[in-house]
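Please look over the model shown below with these numbered points beside you. They are written for someone new to reading structures, and each takes up one topic.

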Amino acid sequence: MAALADTAQGRIENARDHIAEAADVASRPEVGDGNFMHMWFSRGNVGMWETMLAVEAGEGGKTVEIARSLNPTGSRRRSHGAACASWLVWMTE
């Protein structure tokens, strides 16, 4: 949430610091790629947020690059699709 707030306020470097910290936590063995603590926090979830933040920052190329590297499952697949759709709408306006 802090990364989103920073991105929305144009503080992109601060947002990147937050997402890097989240990626570090998500890479810990005890977190893995599952539904850690029933919060859907995982490396895949961090990638979803990174995609959404790139959309918010207007970084179209980065959005596509990140989105292509993800393999979301379950409800996260729908969120990923929504982020990609938002970017496509933004690019065609």
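1. Helix H3 is followed by Gly58, whose phi is positive, near 75 degrees. Helices here are DSSP runs of H or I with at least four residues, strands are runs of E with at least two, and both are numbered from the N terminus. H3 itself covers residues 43-57, and its 15 residues should span 21 Å at 1.5 Å a residue, which agrees with its end C-alpha atoms being 21 Å apart. The expected span is 1.5 Å times one less than the number of residues in the helix.

2. This is a predicted model, in which local features need pLDDT of at least 70 and side-chain atom pairs count only at pLDDT 80 or more, while totals for chains, interfaces and linings use all residues. Residues are numbered from 1 along each chain as its sequence is written, and side-chain values use heavy atoms, with hydrogens and water left out.

3. The protein chain holds five helices and zero strands, so that its pattern, read along the sequence, is α-α-α-α-α. Of its 93 residues, 28% count as buried, where buried means under 20% relative accessible area, exposed means over 50%, and partly exposed lies in between (1.4 Å probe, protein chains only). Among contacts between residues at least 6 apart in sequence, 43% join residues at least 24 apart, a contact being heavy atoms within 4.5 Å.

4. How do the axes of H2 and H3 cross? The axes of H2 (residues 12-26) and H3 come within 9 Å and cross at roughly 170 degrees, and the two helices are therefore roughly antiparallel to each other. The axes are lines fitted to C-alpha atoms, for helices over the stretch in contact, with angles running from 0 to 180 degrees between N-to-C directions. Angles under 35 degrees count as roughly parallel, over 145 as roughly antiparallel, 65 to 115 as roughly perpendicular, and the rest as oblique.

5. On the H2 side of this pairing are Ile12, Ile19, Ala22, Ala23 and Ala26, which meet Arg43, Val46, Trp49, Glu50, Leu53 and Ala57 in H3. By class, the contact of H2 with H3 has nine nonpolar, no polar and two charged residues. For these classes, Ala, Val, Leu, Ile, Met, Phe, Trp, Tyr, Cys and Pro count as nonpolar, Asp, Glu, Lys and Arg as charged, and the others, Gly among them, as polar.

6. Which residues of H2 are buried? They are Ala15, Ile19 and Ala26, and, seen down the axis of H2, its buried residues fall within an arc of 30 degrees, so they line one face of the helix. The arc is that of the directions from the helix axis to the C-beta atoms. These buried residues pack against helix H1 (2-8) and H3, whereas the face of H2 turned away from its buried side carries the exposed residues Glu13, Asp17 and Glu21.

7. Thr7 is found in helix H1 and is buried, with a relative accessible area of 7%. Not counting residues up to four places away in sequence, Thr7 touches Ile12, Ala15, Leu53, Glu56 and Ala57.

8. Arg68 lies in helix H4 (residues 60-69) and counts as exposed at 72% relative accessibility. The C-alpha atoms of Arg68 and Thr51, which are 17 residues apart along the chain, are separated by 9.8 Å, and Thr51 is among the buried residues of H3.
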